[in-house]
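Student: Could you walk me through this structure, one feature after another?
Tutor: Gladly; here it is.

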Amino acid sequence: MIDLLPKKDKAIIVGIALKSNTLNFQNNLDELAQLCESAGGIVVGVTHQKLEKINPATYIGTGKVEELRQLKDQTGANLIIIDAKLSGIQQRNLNMQIGIPVIDRSQLIIDIFATRAQTREGKLQVELAQLKDQLPRLIGEAIAGLSKQAGGIGTRGPGETKLETDRRRVQERIEQVKKELEGVRKSRALHRHRRSQVRVSTIALVGYTNSGKSTLLNALTNAKVLSEDKLFATLDPTTRKLFLPSGRKVVLTDTVGFINQLPHHLVEAFKATFEEISEAQLILHIHDASHPQQKEHSEVVNNLLKEIGAENKAVLHVYNKIDLLTNQRSTNIHRLVPFVNVSAKTGQGLDELINAIENEFNKMTNLVDLYLPASDPSLVFKLSRDGNIISQEQGDHVNHVKVKLSEDALQRWSKYL
Ligand SMILES: Nc1nc2c(ncn2[C@@H]2O[C@H](COP(=O)(O)OP(=O)(O)OP(=O)(O)O)[C@@H](O)[C@H]2O)c(=O)[nH]1
Ligand SMILES: [Mg+2]
C-alpha cells in the first residue's frame, strides 16, 4: 500500500471522563480531534477512559495502557494524545510502556502555535511557553530519547534552537528569550503609544478559535488575512483601519483565538498580544452562532477576558455564521447584549454591525459646552481633531463651542468647561 501522506502523524486520541466532569467529555474529545487535525495529524484511533481517580504513575489505568499498546500495533499510530495534564513522570512511564510518544492537550496546543508563529515576537512567545511547559516535566533522558525520535507533533519548536532537554540549559534559554522579548515589546509599545497620540479609536476582535474573526476582518476591511477551517489559524495580531459612516477612523485588530483549557504558559507568554485587547476601546466578541457549544465557548472567552484584565471594556457581541442557522436554532440561542447577527461569509448584517460600532463609540462620548479664548483661533482647529464639533458661536472674547468628546479627550479640555 502506498502511503499518500507519509509525513502526517498518525495519532490515537484518548478522552478522559473524570467522575467530577462527565458532561463535556464528548465535546472535549471532538475538540481534541480537531486540534490534532489542525496540527497536521490524522486521528487513526479514538478511545476514552472513565476515571474514578487518577493513577499517579500513568494517569490512566493499567488496563487502558495495555489497550493502547494493542491499538498502536493495529493502527500503526506513532503518537498518543491524552486529553489531560500529564506530569513528567506519567509521561515518561506512558512513553516507555506503550512505546511511542505520548503528549497531552497543552503540548498539542503549544505545538500548533509553534507551527503558526510568523513574527519574531510570536516565535519568541511560543518558545517561552514551550520552555516553561517543558521545565517541570524534565526528569531525565528517557523522555528526551523517545520524543526526539518522533520529530512531529509535540516536538516542533519555533525558535532557532532545538528544544532543550537539560534543565539548566532550559532555564538559561528562558532568561535569554525573556530578554529578547522585552526588546521586541518596547518597539511595539512605541507603536501603540503613537497610535494613542493620534487618538485613533481601537477595536479588538476576540472570540473562540474558528468563530470567524479573520473572515469578519476581511469582510469589513478587505484585509486578506488568512482564514481557514482550522483551529488557531491566526496567531499574530493584524491591524487594519476602517472608516465609519460618520468619518470616524477606527483600527481593528484581529488576533489569536481562545480555547477551553488554553495552557496557562501560553496565556502568560502571550501577554503582549493580549494587551492589544485590554487596551482597545471596544471589544467585538465574535460568537460562532452555528456551533452546538456556542454558549460554553462564550463562557470560556468571557473568563479569559477577565484573566487578562479586560472584563470592564465595552463589548459588542457579534453572532456570526447566521447563514448556517435554521430559524429554530436562531430563536433558541441565548444572546448577550448588545448584539448584532451577521454572516461574515455572505455579508448579511454587516451594515447593522457598522452602525452598532458607531453607536458604541457615540455612547462613549459626552456632549459638552466649552468656552475657548478667542485670542487663540488654533484651539478650535485642535478641538476638531479631538471630537465632533456640533455648533460654534463666536464672541468677542470667547468662542462658545458645543462638542462631543470622549472621556479622555474631555479630561484634556476640562479647563475650558
Ligand atoms: N458559513 C459560514 N462560515 C464562516 C463564516 N465566517 C467564517 N466562516 C468559516 O469559519 C472558518 C473559520 O474562520 P476564521 O475567520 O479563520 O476564524 P478565526 O476566528 O479567525 O479562527 P482562528 O484564527 O483559527 O482563531 C473558516 O472556514 C471560514 O470560512 C460565516 O459567516 N458563515
Ligand atoms: Mg483567525
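Tutor: Let's begin with a term: helices (H or I, at least four residues) and strands (E, at least two) are DSSP runs, numbered from the N terminus. With that, Thr115 is found in helix α4 (residues 105–116). The model is predicted, and local features need pLDDT of at least 70, side-chain atom pairs count only at pLDDT 80 or more, while totals for chains, interfaces and linings use all residues. Residues are numbered from 1 along each chain as its sequence is written, and chains are lettered from A and ligands numbered from 1 in the order in which they are written.

Student: Is Thr115 buried, exposed or partly exposed?
Tutor: A residue is buried if 20 or more other C-beta atoms lie within 10 Å of its own, exposed if 12 or fewer, and partly exposed in between, with C-beta atoms placed from the backbone. Thr115 has 15 other C-beta atoms within 10 Å, so Thr115 is partly exposed. Thr115 also lies 7.4 Å from Arg156, C-alpha to C-alpha, although 41 residues separate the two in sequence.

Student: In what order do the four strands of the open sheet run?
Tutor: Two strands pair if DSSP finds at least two bridges between them. Here the order is β2-β1-β3-β4, with parallel pairing. β2 (42–51) and β4 (102–104) each have a single partner strand, so one side of each is left without a neighbour in the sheet. Three bridges link strand β3 (residues 79–82) to β4, and Ile82 stands opposite Asp104 in β4.

Student: Which strands does α4 touch, and at what angle to β4 does α4 pack?
Tutor: Contact means that the C-beta atoms of two residues, placed from the backbone, lie within 7 Å. Axes are lines fitted to C-alpha atoms, for helices over the stretch in contact, and angles run from 0 to 180 degrees between N-to-C directions. α4 touches β3 and β4, and its direction makes about 85° with that of β4. Helix α2 (residues 62–75) lies across β1 (10–18), β2 and β3, at about 170° to β2.

Student: How many residues surround ligand 1?
Tutor: A residue is near a molecule if its C-beta atom, placed from the backbone, lies within 6 Å of it. For ligand 1 there are 24, and the closest are Gly212, Ser214, Ser227, Thr234 and Gly257. Helix α8 (residues 213–221) gives the largest share of this shell, three residues.
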